[in-house]
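These are my notes from an afternoon of looking things up in one model. I went residue by residue and wrote down what I found.

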Amino acid sequence: MAQAQFTTHHGMVDILPDEARKWQHIESVIRQTAREFHFGEIRTPVLEQTGLIARGVGELTDIVSKEMFAFQRGDDQYVLRPEGTAPVARSFVQHRLEQRGGVQKLFYIGPMFRAERPQKGRQRQFHQFGAEMLGSADPMADAEIIAFMATVYRKLGITNTVLKINSVGDPASRKAYKEALQNFFEPHQCHLSNVSKTRLTQNPMRILDSKEEEDQPLIEDAPVITDYLSEESLAHYTAVKRHLDALGIAYQETPRLVRGLDYYTRTAFELTSPDLGAQDALGGGGRYDLLIEEVGGQPTPAVGFASGMERLLIACEALGIPLGEASQLDVYMVTRGEEARNWALQHAPLLREKGLSVAMDYAGRSIKAQMKEANREQARFAVIAGDSELESGLFTLRDMAESTETALSFDEIRTKITPTLN
Ligand code: HAM
């Protein structure tokens, strides 16, 4: 077979109908969960201003420094959004959403873009579902956000997950902790990987996220942030854990958990799965009390999470969880001759009006070929029409599973077939 001249970019994939069915199923679970938690949907543009992402996510993060799909057009700097939180914060400020009163609870599902090295569970265009709660500093908000995320996985039957949780404190706690990390790592610099050496001066907390083998022994002995938390941050962290206990949500305190985005304050968490391999994070999130001010708004505490849809699908597959049945074809209209083809074209809408799914031949093929297709598509019924049927007004209705045939008028056929519920 000739090779396709044009293909998708590296790390970007087409989602074809058999796969899309699974996505629809997962999306319906997410939407239902959002409804139960009373979150409203927000859809922001795929392109944002580069400055927003640089400021929001952080200049020193991998996402901003290495992985942005960015371009200039005229005077404007565009970036394909790498995540959804900074865009939601922007939208909150732009539309003064706080004026709607109360806490703003928003969820989203959509494509994100990061120029990472593709591998299993890591793509350049991937999809996230996420939720953000803006306007509450209460630890209950953190617990609700985590419960939202956990509920989606529970409903789908993904129960072998680990929720890792930590507090990254407030700026004052972090300043003290960064100094402690620098003091700890500096004397051992020569044992650190090159990446970690560069992080040591700029962003020492990121060393804790290193995957390099040589860094691990030192990381294991490094100080933990929980020893540097201010009283308020510690109280907040304790309350979040208490709420999770009360909700029966198991967690693993992971004092060296750091996230790849700079906006976090206090709570940080990640949901991991043993079924994912190297990229083991199903989702993650945390509190970002300073982000909204950072992007030009009034100080507004906020907390949220985002999860990878592709990784969710990988986990479902690994656990053998079936997703989304094929929708059943109710009627295949088998025709002989031009007139019958026109009849089928004009009568299909009357069946579809009833909610029936209807297919027909578009290539003028033989009855045999059409019956073969009706079989392949697993149609429940075939309606067979040719010149003599048009003349008599009686058509053959074939029950494909039973292999029985009856001669009926179109109205009788229309009354007899009722839609399958799927
Ligand atoms: P994140 O940890 O960068 O957080 O991404 C969340 C999830 O998106 C990851 O756990 C992973 O499942 C998925 N993901 C990330 N990159 C890729 C990729 N290249 N390919 C496939 N899946 C990927 C955020 O994006 C934050 N905005 C989460 C958040 C919301 N924090 C507060 N609110």
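I began with Val-29, which is buried, with a relative accessible area of 13%. The model is a predicted one, and I read every entry below with that in mind. Val-29 belongs to helix 1, which covers residues 17-37. Setting aside residues up to four places away in sequence, I found that Val-29 touches Val-152, Lys-155 and Leu-156.

**Salt bridges**

I turned next to charged pairs, since side chains of opposite charge can pair when their charged atoms come close. The count for the model comes to 26 salt bridges, and I followed a few of them.

The next pair I noted was Glu-48 with Arg-90, a salt bridge whose closest N and O atoms are 2.8 Å apart. Because Glu-48 lies in strand 2 and Arg-90 in helix 4, the pair ties together parts that are 42 residues apart in sequence. Glu-48 is buried, with a relative accessible area of 6%.

I then looked up Glu-353 and Arg-414, whose side chains meet in a salt bridge at 3.5 Å, N to O. This pair links distant parts of the chain, 61 residues apart, with Glu-353 in the loop between helix 12 (338-352) and strand 13 (358-360) and Arg-414 in helix 15 (residues 410-416). Glu-353 counts as exposed at 60% relative accessibility, whereas Arg-414 is partly exposed at 27%. I also wrote down one network, in which salt bridges that share partners join Asp-62, Lys-66, Arg-199, Arg-206, Asp-209 and Lys-211.

**A buried arginine without a salt bridge**

How far from Arg-174 is the nearest side chain of opposite charge? I found that it belongs to Asp-170 and is 7.0 Å away, so Arg-174, although buried, has no salt bridge, for which a nitrogen and a carboxyl oxygen must be within 4 Å. Arg-174 lies in helix 6 (residues 171-185), and a polar atom of its side chain is 3.2 Å from the backbone oxygen of Gly-169. Leaving aside neighbours within four places in sequence, the contacts of Arg-174 include Met-205, Ile-225 and Tyr-264.

Asp-170 came up again when I looked up Ser-230, which, on the same terms, is in contact with Asp-170 and Ser-173. Ser-230 sits in the loop between helix 8 (216-221) and helix 9 (231-247) and is buried, at 19% relative accessible area.

**Positive phi and a surface patch**

I noted Arg-96, which is not a glycine but has a positive phi of about 45 degrees; it is found in the loop between helix 4 (85-94) and strand 5 (104-113).

My last entry is a nonpolar surface patch formed by Val-46, Leu-47 and Phe-71, with about 210 Å² of accessible area together. Leu-47 has its place in strand 2 (residues 47-49) and is partly exposed, at 34%.

Terms used. Residues are numbered from 1 along each chain as its sequence is written. This is a predicted model: local features need pLDDT of at least 70, side-chain atom pairs count only at pLDDT 80 or more; totals for chains, interfaces and linings use all residues. Side-chain values use heavy atoms; hydrogens and water are left out. Patches are made of residues with over 30% relative accessible area and no salt bridge: like charges are joined within 9 Å, nonpolar side chains (Val, Leu, Ile, Met, Phe, Trp, Tyr) within 5 Å. Accessible areas come from the Shrake-Rupley method with a 1.4 Å probe; for residues, only the protein chains shown count as cover. Helices (H or I, at least four residues) and strands (E, at least two) are DSSP runs, numbered from the N terminus. Buried means under 20% relative accessible area, exposed over 50%, partly exposed in between (1.4 Å probe, protein chains only). Lys and Arg count as positive and Asp and Glu as negative; His and the chain ends are not counted. A polar contact is a pair of N or O atoms within 3.5 Å; within protein, one must be able to donate a hydrogen and the other to accept it, and residues adjacent in sequence count only if both atoms are side-chain atoms. Contact means heavy atoms within 4.5 Å.
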